[in-house]
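Me: I would like to learn how to read the features of a protein model, one at a time. Could you walk me through this one?

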Amino acid sequence: MEELSIVDSIAGILAVDKGNRVIDKAVFPKDPVKIAEKIARIEAGSLVEEAEQLIQRLRKHCKRFIFESEAVAANARKTLKVKVKVSKPSEAGEYVRSNLGDIAAAIGFVEKPGDVFSVMREVSTILTKLRVKAAASKRDQIVIQMINSIDELDKIMNLLAGRMREWYGLHFPEMSRLIDSHDTYAKLVTELGLRENFNLEALERLGIAGEKARRLVEVAGSSLGGMLNEGDMAALQSLSHLYMEASRLRCHFVDRMETLMEEVSPNLKAVTGATLGARLIALAGGLERLSRFPASTVQVLGAEKALFRSLKTGTRPPKHGIIFQHHLIHKAPRWQRGKISRVLAAKAAIAARIDAFTGSYIGEKLKADLEKRISEIGEKYKTPPKRPQRFKGSGRGKGGKS
Amino acid sequence: MSRHRVVSHERIEGVFWVTQPDGTKKLATINLALGRSVYGEKILQFKGREYRLWDPYRSKLAAAIHRGLDSVPLWRGEKVLYLGAASGTTASHISDIIGLEGRIYCVEFSQRVMRELMGHVAAYRPNIIPILADARKPEDYRMTVERVDLIYCDIAQPEQAKILADNSDIFLKDGGWIMLAIKASSIDATKAPSEIFRREIATLENRGFLGLRQISLEPYDKAHLMVVAQYRRRSREE
């Protein structure tokens, strides 16, 4: 025999000749869990025992084996030292897929031809369940859930704080101006309640002293606000308490994010910081997807609206997406930001690739490179560029470096 | 006493027109999983049969039928490969149409929506076979799919025509059918939809598809096109 096709199927491994006759076979055990495991291995490119035995039996009679998968063929060539060829799809494979029921019955895998399909469904379901589970247990998905929780907590806290200030303002309107931090405001409302309880001693206990405390007590004494009865005050205090709880939860999540990112994506964390790195992963939909993006995509992640507007209508493209949150960008002078974004995105892209695929740590080097390049940019472009001369009617494609 | 009237679709076996009390007409299929609604669609009884309404705003196949596609290659007992099954909205109606003798292999890449497809749809429909895999690599699922009569493709990927043709070479029988939903904006947001449609269709023609029929899905979906064609397997020598 010149050539034989090795066809993997749900029923087992088949050796098929040019005339579409099944010459030999290695039937799988009729246990869906075991079959699923074997199929998963074949898909991953390995040569299962059945295939190995079959080829060993036939190698004396056959010059070359035809496979439908490059990886399996390469493995067969390496471990068994046989000649191989890849054909996607092979004629024999087509034959087997067209007559699967009859073949499975003929080789004794099932009794009736139709039965093979219920086995197939069972095996597919097991495989799919395993894969869904494996994907769900990846830690980068937890990063995504957690960063989204942090963002949603921010929204909730803003709403609660607005309501709390408005409500307490009925009683003590002057305090809103004096206390900027929502956290401090909520603490004062929760701990002290009515403004008659504001005195230097109590304030000091809550960490407010000096000029600010004196001013607060003074204003509390002469406030224009109305009175609140005990029940109303208690209701408001449960609201401010809820704000404090949310705030505590947020702090906890941010802390947790540090350790989680250290595990999931240490290089990216070194370049961008934990929260920004997490946001990039969330926008991409996972660490591996992020690692497959080019740096130019990473640069504008989160600015999709501006990007597509630019592609469609020719307005200027966005310089930065979510990476604007990085202090190196938003603290930089306006005309340097585009250049810095480009460098930061490039380093973040490299970091994500290492985290997704090799796992070594070169975060410090990346960070040093980044800072060096940014100081170069700072040197070279110290002054803002001159505004380009604008002519009448040049609406489209203004270009210019950015 | 039902206030609805149900009549068979003029051309497509297993698809029905429901006339609602207010006079509007909607599509429906006979529910294979009794009492179960898949995506919140209405279930109604008529002469001892249970029907599920088929929403053209949720399913591009229903939209195409509303837009006048009458020679849909769908029949009882058919074997279908569905690329991009998502959470199973359209797949569930195909499952109704092909019945228990038919089989539909649902390939979906996202584990998130696959979870829904498994839990809400495949669990109650023995003719649905869920496959979590990448449609760009058909050789990965060659062992769990048989030769099919129809490939339905709704994958919102650049190069979707090529992916469909690659799958056809492995799984579609000679003379089998394809249905391809093309979403212009997910291929290239910057080009005119008509240009993208032309390019994808040219790919299909080069890869051996004949009798192309095109149906625009407006107003149900913007800048979407449904293409129906028949496959001629090229001989190996070419």
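**Reading the sheets and the interface**

Reply: Gladly, and let us begin with one strand pair: strand β4 (residues 64-67) of chain A and β5(A) run parallel and are joined by four bridges. In general, strands of a sheet pair through backbone hydrogen bonds, either parallel or antiparallel. Here two strands count as paired if DSSP finds at least two bridges between them, and helices (H or I, at least four residues) and strands (E, at least two) are DSSP runs, numbered from the N terminus. Within this pair, I66(A) has K85(A) of β5(A) as its bridge partner. Before we go on, note that this is a predicted model, in which local features need pLDDT of at least 70 and side-chain atom pairs count only at pLDDT 80 or more, while totals for chains, interfaces and linings use all residues. Residues are numbered from 1 along each chain as its sequence is written, chains are lettered from A and ligands numbered from 1 in the order in which they are written, and side-chain values use heavy atoms, with hydrogens and water left out.

Me: Which order do the strands of the open sheet in chain A have?

Reply: The order of this five-stranded sheet is β3-β2-β1-β4-β5 (chain A), and the pairing is mixed. At its edges stand β3 (22-27) and β5 of chain A, each pairing on one side only. From one strand to the next the twist averages 25 degrees; axes are lines fitted to C-alpha atoms, for helices over the stretch in contact, and angles run from 0 to 180 degrees between N-to-C directions.

Me: Which strands of chain A does α2(A) lie across?

Reply: Helix α2(A) lies across β1 (3-8), β2 (12-16), β3 and β4 of chain A, at about 145 degrees to β3(A). Contact here means heavy atoms within 4.5 Å. α4(A) also packs on the sheet, where it touches β1 and β2 of chain A, and its direction makes about 45 degrees with that of β1(A).

Me: How many strands form the open sheet in chain B, and in what order?

Reply: Five strands do, in the order β1-β2-β3-β5-β4 (chain B), with antiparallel pairing. The edge strands β1 (5-8) and β4 (43-46) of chain B each have a single partner strand, so one side of each lacks a neighbour in the sheet. Neighbouring strands of this sheet are turned by 40 degrees against each other on average, direction ignored. For a pair to look at, take β2 (residues 15-19) and β3 (residues 25-30) of chain B, which are antiparallel over five bridges; there W17(B) stands opposite L27(B) in β3(B). Helix α2 (residues 89-98) of chain B lies across β2, β3 and β5 (49-54) of chain B, at about 145 degrees to β5(B).

Me: How many residues of chain A are in contact with chain B?

Reply: On the chain A side there are 29, in contact with 31 residues of chain B. The two chains bury about 2800 Å² between them, 60% of it on carbon and sulfur atoms; buried area is the accessible area (1.4 Å probe) that two parts lose on being put together, summed over both. R97(A), F117(A) and R121(A) supply 23% of the area that chain A buries against chain B, more than any other three residues.

Me: How many salt bridges are there between chain A and chain B?

Reply: The count is four, where a salt bridge is a side-chain nitrogen of Lys or Arg within 4 Å of a carboxyl oxygen of Asp or Glu. One salt bridge joins the side chains of K88(A) and E139(B) (3.4 Å, N to O). Inside chain A, K38(A) and E50(A) also meet in a salt bridge (3.3 Å, N to O). K38(A) lies in helix α1 and E50(A) in helix α2 (residues 49-58) of chain A, so this pair ties together parts that are twelve residues apart in sequence.
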